[in-house]
Amino acid sequence: MGMAKGHFVLVHGEGHGAWCWFKLRWLLEGSGYRVTCIDLAGGGVDPTDPNTVGSFKQYDKPLIDLISTLPEGEKVILVGHGAGGLSVIHAMHEFVDRISQAFFVAATMLPFGFQTDEDKKDGLPTLPENEIELTLGEAADDPPTTVALRPEFQRDRLSQQSPEEESVLASMLMRPWPATAISTASFEGDDERLNRVKRIFIKTERDHMLDPEQQDSMIKKWPPSEVLVIDTDHSPFLSAPEQLFNLIVKSL
């Protein structure tokens with residue numbers, strides 16, 4: 001029964017891990033869906049040091065490996081959050097016929113990743129220097145290998161509407177993310193091919209990480225099949241999981 005209802009693969013955003021989906025996973029599995037939550041390289045409990053993740057291909061390898069091992073004919077429903085949207089796009093380029101649907105939850109939705117400065121303006125959070133910690137490369141002119149949100153700013157940026165104890169838990173589990181690997185993500189392909197996959201964008205109205213204006217810009221430039229709006233912070237899987245669950249299952 002669960003297999004017949006579909007297989008969700010949930011893909012975390014920058015600094016997060018599979019752990020962030022625990023509420024949505026519980027709701028989906030309780031309704032008979034199969035759910036896989038993955039850790040991208042250097043995220044969650046993945047043992048990779050994020051400072052050693054030098055390319056988006058390396059960062060996204062866990063997702064690509066998962067989809068490549070699916071049984072013949074099986075399709076998945078991808079859900080990406082934040083920079084996890086880039087992972088969803090990457091998977092769509094690689095396995096368009098193995099993805100039945102793609103949800104972008106306040107996620108970067110650019111068909112070819114970051115091709116221009118305008119793409120980065122739309123798809124990357126703009127964080128003041130005083131709110132982040134950088135790990136610099138070996139040479140003085142190397143770009144930072146990782147970025148992390150300072151703990152005192154994490155709740156306001158990511159989860160200001162979530163229960164405070166869950167923001168505390170999230171701050172204990174957050175990790176630095178491989179900044180260069182994510183910001184250099186770019187893909188080659190055909191957007192008409194990508195459009196074979198039904199895309200749903202879930203816009204977060206009170207987002208302090210990926211501004212609603214940034215989300216609107218990506219929606220306008222590459223219109224999805226459907227745009228849904230949720231009146232939450234950047235992390236509706238923590239602040240409004242039942243509402244997020246209902247939006248997703250009603251769009252299947």
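This is a predicted model: local features need pLDDT of at least 70, side-chain atom pairs count only at pLDDT 80 or more; totals for chains, interfaces and linings use all residues.
Let us start with S235, which sits in the loop that runs between strand 8 (226–230) and helix 12 (236–239). With a relative accessible area of 1%, S235 is buried; the cut-off for that label is under 20%. Once neighbours within four places in sequence are set aside, the residues in contact with S235 are H81, L158, S159 and S162.

Two of these contacts, L158 and S159, will come up again, as they are listed with S235 in the lining of the largest cavity. For a sense of distance across the model, take G42: 193 residues separate G42 from S235 in sequence, and their C-alpha atoms are 20 Å apart in space.

Across the whole structure, a search turns up 12 salt bridges. As a general point, side chains of opposite charge can pair when their charged atoms come close.

One example joins D65 and K61, with 2.7 Å from N to O. Both residues belong to helix 4 (residues 61–68), where they are four residues apart, or about one turn of the helix. D65 is partly exposed at a relative accessible area of 33%, and K61 is also partly exposed, at 45%.

E118 pairs with K221, and their closest N and O atoms are 3.6 Å apart.

K221 has another partner in D122, where the N to O distance of the salt bridge is 2.6 Å. Since K221 lies in helix 11 and D122 in helix 6, this pair ties together parts that are 99 residues apart in sequence. Taken together, E118, D122 and K221 form a linked network of salt bridges.

How accessible are the members of this network? E118 is partly exposed at 40% relative accessibility, and K221 is partly exposed at 47%. D122, on the other hand, counts as buried because its relative accessibility is 4%, and the cut-off for buried is under 20%.

## The largest cavity

The structure contains four cavities of 30 Å³ or more. The largest of them has a volume of about 60 Å³. Its lining is made up of H16, Q154, R155, L158, S159, S167, A170, S171, M174, S235 and L238.

Which helices supply at least two residues each to this lining? They are helix 7 (151–158) and helix 8 (164–173). By class, the lining of the largest cavity has four nonpolar residues, six polar ones and one charged residue. S235, the buried serine from the opening section, is one of the residues that line this cavity.

## The second largest cavity

The second largest cavity holds about 50 Å³ of space. Five of the lining residues are nonpolar, five are polar and one is charged.

How values were computed
Residues are numbered from 1 along each chain as its sequence is written. Side-chain values use heavy atoms; hydrogens and water are left out. Buried means under 20% relative accessible area, exposed over 50%, partly exposed in between (1.4 Å probe, protein chains only). Contact means heavy atoms within 4.5 Å. A salt bridge is a side-chain nitrogen of Lys or Arg within 4 Å of a carboxyl oxygen of Asp or Glu. On a 1 Å grid over the protein atoms alone, a cavity is a set of points where a 1.4 Å probe fits but cannot get out, and a pocket is an open set with protein on both sides within 12 Å along at least five of seven lines; lining residues have an atom within 4 Å of a point. Grid points are joined across faces, edges and corners, and a volume is the space filled by probe spheres set on the points. Ala, Val, Leu, Ile, Met, Phe, Trp, Tyr, Cys and Pro count as nonpolar, Asp, Glu, Lys and Arg as charged, and the others, Gly among them, as polar.
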